[in-house]
Number of protein chains: 2
Amino acid sequence: MRLSRYFLPVLKETPREAQIVSHRLMLQAGMIKQASAGIYSWLPLGYKVLKRIEQIVHEEQARAGHMAMLMPTIQSADLWRESGRYDAYGEEMLRIKDRHDREMLFTPTAEELITDIFRAHVSSYKDLPLTMYQIQWKFRDEVRPRFGVMRGREFYMKDGYNFDLTKEDALHAYNRHLVSYLRTYERMGLQAIPMRADSGPIGGDDTHEFLVLADTGESEVFYDSEITDLKFGDRQIDYDDHAACAAVLAEFTSRYARTDETHDEALFAQVPAERQRTARGIEVGQIFYFGTKYSESMGATVQGPDGKSVPVHMGSHGIGVSRLLGAIIEASHDDKGIIWPEGVTPFHCGIVNLKQGDDEADAACLALYNGLQALGLDPLYDDRNERAGAKFGTMDLIGLPWRITVGPRGLKNGVVELTSRRTGESEELPPEEAIARIAAVYSQIA
Amino acid sequence: MRLSRYFLPVLKETPREAQIVSHRLMLQAGMIKQASAGIYSWLPLGYKVLKRIEQIVHEEQARAGHMAMLMPTIQSADLWRESGRYDAYGEEMLRIKDRHDREMLFTPTAEELITDIFRAHVSSYKDLPLTMYQIQWKFRDEVRPRFGVMRGREFYMKDGYNFDLTKEDALHAYNRHLVSYLRTYERMGLQAIPMRADSGPIGGDDTHEFLVLADTGESEVFYDSEITDLKFGDRQIDYDDHAACAAVLAEFTSRYARTDETHDEALFAQVPAERQRTARGIEVGQIFYFGTKYSESMGATVQGPDGKSVPVHMGSHGIGVSRLLGAIIEASHDDKGIIWPEGVTPFHCGIVNLKQGDDEADAACLALYNGLQALGLDPLYDDRNERAGAKFGTMDLIGLPWRITVGPRGLKNGVVELTSRRTGESEELPPEEAIARIAAVYSQIA
């Protein structure tokens, strides 16, 4: 994309409504614009990052054998009365009456509707196990929305649901989701720590939240510092292997790690004092096993191998897709702006032309631009008639991980400058080597 | 995907609520399930087709230089009061009050919000031309929703908006959209004819609808039969070339083609009698130029080259993404089921194992399955323990364009059977040739 043709409304002033850095940077970088309280439009740059994050979630869900589908945003209140949650949910549910005065709602989660689909179509244990998920807009009518997309009212969420014959199978689905989520977050450049959590209105006993450590997190967290040394990395795992998935869960939950909701001082005291840590964390996902809570109230049963009808065991599993943009920025920025991890960056690299209109510089930039595109990369070329300082400022603010700077002086020596946004380190090298270096970086994370 | 692991709830009975064939087939093929009146869940097979259609729209919008973004589904009534449409829109608008009693609505279209984004960020003619679009869920509270996804209440739509300095530039944007839409529909295997239309609540004088001819269409259409001979085909076009885009518009609108809303008997009578056609059509898109209707009422102005402030010229352009599934099926089916065009098929081909459990047949199917996947193709392998008739019935119903049938008898001679869903023609050939043939078909449409 050429910046002269791109809609990138960078703000010069610091937006006053932003209380945290990710909200401020997303507004300043022209990624989002508030439409109403807690409701945002995603401008082209923000939309690109949202889609990159969504794509990683889809790829990792497919790898785990989960099927994508989609449920509507507007649902009938009737189903929610069956589970008992219509009255229990409170004012955060956006309740709506249609033109025929039927009670509807904007879905905050979809346990009821997926259970309704299941009971209509599945009647035998032979069709199990089954896990389906969607990535869809949700609404939660927060009384005081704040922190931009981190605590918005309309938000984009992955929600998945597993149906299993036995508790043991459903706990495998729980473990499989934990493994899959570890991979998912690491691909986004995040360390998200599974912490024992409280189940809230979803229900159930077994639940873990995934938390990203950041000073601006809404939760106070307590953990054994050893847990931050754990990485899932590039291990290969067979998602059908119960023991292998259970071993990952054991490994990642064997150290103390809890939020203030479940914190236990006595247990925490058993962690060696030098490893006790207190910090703040941002919740980016949660997994639940809730047994037969919905299948019993809604009659979602299957015929088992012995011919008897039994309610299925279920769980649900969420990733806050839109909120992740905020979480990533909270975890990865400096005083100049955002620093995107390579896995989610909106453009793979920026090209800055120091002397727009100079034939040689223009030609060199265009060659870089075309060369990167020919390798399947997506560069942003700043071809505006602006001074160098303004171009660098924009690139630093929007946070592309790599920048190639092209100027007449370097071109005389046959070199351009390749700069890492994260380290700030620059290196002079021939244009074709700069292209090869960037291609190599991204081929490692594909 | 192996069918034994896939969630494909094919219905044995004919669903009584379906009045038209596309609705019936989408229910029978397990693509959708009604959640409430006019509101559907997209089961895995339906979701896959929806995503293939969405992807084609995205690719063709990018080709035309339009930028993707996303606006929220829930919007404040205030903006719609500025344009005067809040009161004018009537009961089809789903009106909502949030917990603070603020008036909100589920957006049926987004002229107001995009104009608000524009006026907040763009102030100079130098930032024009600008076209942005989104593919987002919309809601229209139909009094009697029917025909499945063809006339649902919650529907998925591409809506794009252009901002230009002059009427001439805005009419170029109009023409560019017409060209882009012709390409888009043809990639989906559809002939969609641009017809002069009525602007309705969007406003403006210049507007064309795109109609697919089908007996179940909601509109009566009148046209010169010569128009059905026109194809956009694989012409290369420079979307910045005003004259080239205008020539395509002239070519595709020079023959008489109108819906009942704009039909003119006197003009139609001038078409040679043997070329006069009356038929029914399904609307799958519409383009509008409406000048300064929204920019004047909402104060969306830019400073022109002469320093004077002028309201921008605008248009909006829609494609009914979810409705297109219905339209494609109406235009492409037989009495056995759906016949997907290659451009939008959920799986590239089906593999039917005639003797599941036979070592040689199982191994041959697996080799085909892996061989197709290795070429980037997405096959559906029917590995269920079902008799051949049931497997053929499912494949015909869900409409994959190609089927490979594997049985012990053929394998003895080293061959499998390749069958075209559209023609019903079969051919025996070695497995590796079947793979190559299917790969060749899809490489032509990529």
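**A buried arginine, a hairpin and the chain pair**

1. In this predicted model, A:Arg258 is buried but forms no salt bridge. The nearest side chain of opposite charge belongs to A:Asp264, at 4.7 Å, and a salt bridge would require a carboxyl oxygen within 4 Å of the side-chain nitrogen.

2. A:Arg258 lies in strand S12 (residues 257-259) of chain A. Its side chain reaches the backbone oxygen of A:Thr262 at 2.9 Å. Beyond neighbours within four places in sequence, the contacts of A:Arg258 include A:Glu220, A:Val221 and A:Phe222, as well as A:Met195, A:Arg196 and A:Leu267. A:His263 and A:Asp264 are also among them.

3. Strands S1 (residues 32-36) and S2 of chain A pair in the antiparallel sense over 4 bridges. The two strands form a hairpin with 2 residues between them, and A:Gly38 in the turn has a positive phi of about 70 degrees. Across the pair, A:Gln34 stands opposite A:Tyr40 of S2(A).

4. In a regular strand, side chains alternate between the two faces of the sheet. Within S2 (residues 39-42) of chain A, A:Ile39 and A:Ser41 point one way, while A:Tyr40 and A:Trp42 point the other way. All four of these residues are buried.

5. Chain B superposes on chain A by a rotation of 180 degrees with 0.0 Å of shift along the axis, at an RMSD of 0.0 Å. This is the relation of a two-fold axis. In chain B, the C-alpha nearest that axis is the one of B:Ile96, 2.9 Å from it. Both copies use the same surface, since 100% of the contact residues of chain B recur in chain A.

Conventions
Residues numbered from 1 in each chain as written. Chains lettered and ligands numbered in written order. Predicted model: local features only at pLDDT ≥ 70, side-chain atom pairs only at ≥ 80, totals over all residues. Heavy atoms only, no water. Buried < 20%, exposed > 50% of the residue type's maximum accessible area, 1.4 Å probe, protein only. Pairing = 2+ DSSP bridges. Least-squares fit on C-alpha atoms with pLDDT ≥ 70 in both. Contact = heavy atoms within 4.5 Å. Lys, Arg positive; Asp, Glu negative; His and termini not counted. Polar contact = N/O pair within 3.5 Å; in protein donor to acceptor, adjacent residues only side chain to side chain.
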